[in-house]
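Please keep the sequence and the model in view while reading.

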Amino acid sequence: MNAILKAALSRMVHTGTLIITDSSGKPRTFGDGTGEPIHFRINSAAAERKIAFDPSLHFAEAYMNGEIDVLDGDIYDVLKIIFENTGATVAKEPWMLAIEGIRRATRRLHQMNTLTRASSNVQRHYDLSEDLYRLFLDTDMQYSCAYFERPDAALEEAQMAKKRHIAAKLLVEKGHKTLDIGCGWGGLGIYLAKHLEADVTGVTLSQEQHGIANKRAFEEGLTAQARFDLRDYRTLEESFDRIVSVGMFEHVGIGHFPEYFQHTARLLKKDGVFLLHSIGRSDGPSYTNAFIQKYIFPGGYIPALSEVIPHIEKAGLVITDIEILRLHYADTLRIWRERFMANREKAKAIYDERFCRMWEFYLAASEAAFRWQNLVVFQIQLAHRQEAVPLTRNYIEKEEKRLKRLECERSSANSQVNRKESIAGR
């Protein structure tokens, strides 16, 4: 085994049992021998050298390219034993620290999301086949952190709870002009239009999402209340009673934070409410993981609150509530990963083996980062005026209960209609 890689692993892995068979066919064991053994093989000396030099990029690439095969366990188990041993800090050699310094210094360059570049970056991920996403997402196509009111909640239940939780914080009333920035496949916007009779405008840069969201609104009979546009939020000029953004802020880029909050402050009416839902870091500013930057979310960046709040303040907005969702995304990703693996052959038929390995690594590494490293989700409620929301948080639970009743009533009414149609059609 490459001497540098061997030394780094010896310093890094202290608990558990990690067996690595090197490119010469010789197995080496790291850890204290406890737990189920996790075993993988590195298939070439070149892969060993690359991993030793820059593991944050080349370990993922080696797995994608078939230069690593997991023999006992799976790639999630491999990452689990590494992350449990290292936490948020991976063993750093001098050259690794130098690479980290370069990535930190150049992060703004990679995150220059102009109108043209932002569109291109979004399309690289979100314009993948709809059939791929349907293999692992819930039926409403929610591609963001679910909200588990119970640990054993099904994904569909937890995603509905997420929409309900966000809607409750928005305090939406009938006819409220509501903007959904980064509307995805339209699920949240349709929920707000259907259950709260909001007048929803959703914007996305994904052509796939744009088409599906409008198709869904048409099928629900909500085209007069829920419209989805293919455009950048920065081109909007009208004002809104409510603004919501779920899972989009991670694509803004740190250099565009002032622009984001200044523009949303202009779009939000003086008595309006804005709910920002985003992945965040719990341990301060950093840079985007090299694998994620290159293959998954080009131009993306997960911020720390300390990087976000100053720009909120400078835009003249008031923070009226902050909630940190900790392990909710880890559980969401676990279900996504399990569903993807159950449908792996279907994904391979859509793309290929390398893509499946890339997606496996992405889902596994993301889940591990939420469980053992520094990732959380924050929801920041914003307004121009302190009195825009109630004095205490009691209204959130009260509104969630009301919305749950509305959902049940509508579901019951739809079931009755379907039964009548079925009887009439006999």
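A search of the whole structure finds 34 salt bridges, a salt bridge being a side-chain nitrogen of Lys or Arg within 4 Å of a carboxyl oxygen of Asp or Glu. The model is a predicted one, in which local features need pLDDT of at least 70 and side-chain atom pairs count only at pLDDT 80 or more, while totals for chains, interfaces and linings use all residues. Residues are numbered from 1 along each chain as its sequence is written, and side-chain values use heavy atoms, with hydrogens and water left out.

**Salt bridges**

- Arg-28 forms a salt bridge with Asp-22, their closest N and O atoms lying 3.9 Å apart, and both Arg-28 and Asp-22 are buried (buried means under 20% relative accessible area, exposed over 50%, and partly exposed in between, with a 1.4 Å probe and protein chains only).
- Asp-241 pairs with Lys-269 in a salt bridge whose closest N and O atoms are 3.3 Å apart, and this pair links distant parts of the chain, with Asp-241 in strand 8 (residues 240–246) and Lys-269 in strand 9 (residues 268–281), 28 residues apart.
- Asp-241 is buried, at a relative accessible area of 12%, whereas Lys-269 counts as partly exposed at 28% relative accessibility.
- Glu-397 and Lys-401 form a salt bridge with closest N and O atoms 3.6 Å apart, and they are separated by about one helical turn because they stand four residues apart in helix 18 (residues 394–424).
- Helices (H or I, at least four residues) and strands (E, at least two) are DSSP runs, numbered from the N terminus.
- A network of salt bridges links Arg-41, Asp-69, Arg-344, Lys-348, Glu-353, Arg-357 and Glu-360.

**Domains and their interface**

- The domain assignment of the chain gives domain 1 (3–86) and domain 2 (115–323), with bounds that come from an automatic or database assignment.
- Taken over C-alpha atoms, the centres of domain 1 and domain 2 are separated by 37 Å.
- Five residues of domain 1 are in contact with five residues of domain 2, where contact means heavy atoms within 4.5 Å.
- About 440 Å² is buried between domain 1 and domain 2, with carbon and sulfur atoms giving 68% of that area; buried area is the accessible area (1.4 Å probe) that two parts lose on being put together, summed over both.
- The count between domain 1 and domain 2 is one salt bridge.
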